[in-house]
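I opened a new page for this chain. These are my notes on what I looked up.

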Amino acid sequence: MKVQTAPEEAAGRPVTVREAALADAVEITRLLRRLGLEFPSDPDAPRRIWERLWINNPAWSPGSPIGWVMESEHTPVGFFGTIPMRYRMKDRTLVAAVASSWAVEKPFRSHTDELAQRYFDQPRADMLLVTTAIKPTARIFARYGGVPMPQPTYAEVLFWVLDAAGFLRAALRRKQTHSKLAVAASILAAPAMAAVIGLKRHRAGRRIGVVEPEMIALADVGDDFDELWQRKGGEGRLYASREAADLRWHFGPHAEAGTLTILRCRRGGQLEGYLVMIREEVKSIGLIRAKILDLFVAGDESVVVEGLLSAAIAVARNGNCHVLEAVGFPATVRTQLCRHNPFTRRFSSFPVHYIAHSPQLRAALQVEEAWYTSLYDGDSSLF
């Protein structure tokens, strides 16, 4: 998270912490913008975003907290947001309080614990979860008993290079190479890179099996998705809720922006799995990437997983994406993704930390096999 503040001192300036309300949306959005978070600039954006995250959220109920605001002289100087999300483990429905949009102006960071305490003391959640933690966030979670999710491979991003020249050009720009030099170097290096990754041999995205995924709109996510969720969601892992209502709520902004792709795979009229990805432009370095947000397949069946990935690679290539990325997923799924020969890179800090309140849930979540985590979890793809 970028933090941009003046080196002003807050000594002698009293602060108060209170629960936030939708009426605070405009002022808090201004605060978050000052601290480097990006929000749409139109006047209605703050209330629209806040209503989506809470009022229209299938997991939210009246009286549930939105977050907590720290004020000094009636001006917001800090905010800790919390977004409820439904989870399921076996036959038990759980509520996770997702940490989101945490920011405190630099002169007031000595009061951070006063703000954090409210989040960690909230009584309604079964677990507290952050999926986009930077090092300061991880330290705060650790201070209150939080631990990293026990899946080390979540820190390792899988990616497939689909346009070698475009990818190299973006990589060189990221290293602050002059743009003309980056273009020239990418043209020279692209054939060698293409040979290394097997693009000329079509190893990435090759068809495996006989399934033929189809592309659908978000409005077509309906009863068959609910049926798949009932079949798979009752397994022993911890799953974020994937009822049709949750999916439509979660992915709605991406559909409105025209960046969403949903691929589903049916067999004998029954939905066997789906894949959701978005197209994202990193304008600062000229990179166009596709990101897999969710991949959900009955029994983690290999022919369906690999068929959906092959289709996703084809869609991303047709959309002129330079790279396709996947984050998370358990070993049963990652092993199948790795058959398509991805590169890997690592996050600078481990992003997923949690606190489980009940002893039973705490014990169950200590093993890697209990988790099914992707960019669908937490707030990783809500914005």
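Predicted model: local features only at pLDDT ≥ 70, side-chain atom pairs only at ≥ 80, totals over all residues.

Entry 1, salt bridges. I searched the whole structure and found 28 salt bridges. I looked at the one between glutamate 325 and arginine 345, where the closest N and O atoms are 3.2 Å apart. Glutamate 325 sits in strand E13 (residues 323–326) and arginine 345 in strand E14, 20 residues apart, and the pair links distant parts of the chain. Is glutamate 325 buried or exposed? Its relative accessible area is 7%, so I put glutamate 325 down as buried. Arginine 345, at 32% relative accessibility, counts as partly exposed.

Next I took glutamate 156 and arginine 346, whose closest N and O atoms are 4.0 Å apart in a salt bridge. Glutamate 156 belongs to strand E7 (residues 156–161) and arginine 346 to strand E14 (residues 343–346), so this pair ties together parts 190 residues apart in sequence. Arginine 346 is exposed at 55%, while glutamate 156 is partly exposed at 25%.

Glutamate 272 is buried, at 9% relative accessible area; arginine 267 is partly exposed, at 38%. Through shared partners, salt bridges join Glu227, Arg231, Arg267, Glu272 and Glu301 into one network.

Of the 383 residues in the chain, 54% are buried. I found 93 residues in the largest nonpolar core, and those with the most contacts inside it include Trp50, Met127 and Leu365. Helix H9 (residues 302–318) gives the largest share of this core, 9 residues. Leaving out residues up to four places away in sequence, leucine 365 touches Met89, Met127, Pro150, Leu238, Tyr354, Ala356, Ala370 and Trp371. A second, separate core holds 22 residues, among them Val15, Phe80, Ile140 and Ile355.

I checked the length of H8 (residues 244–257): at 1.5 Å a residue, its 14 residues should span 20 Å, and the end C-alpha atoms are 20 Å apart, which agrees. Where does H8 have a kink? I located one of about 55° at phenylalanine 251, shortly before proline 253. Phe251 is one of the buried residues of H8, as are Trp249 and His250. Their cover includes helix H2 (45–55) and strand E3 (75–89). Just after H8, glycine 258 has a positive phi of about 75°.

Terms used:
Residues numbered from 1 in each chain as written. Heavy atoms only, no water. Helix = DSSP H or I, 4+ residues; strand = E, 2+ residues; numbered from the N terminus. Expected span 1.5 Å × (residues − 1). Bend = angle between axes of the 7 residues up to and from the residue. Buried < 20%, exposed > 50% of the residue type's maximum accessible area, 1.4 Å probe, protein only. Contact = heavy atoms within 4.5 Å. Core = buried A, V, L, I, M, F, W, Y, C linked by side-chain atoms within 4.5 Å. Salt bridge = Lys/Arg side-chain N within 4 Å of Asp/Glu carboxyl O.
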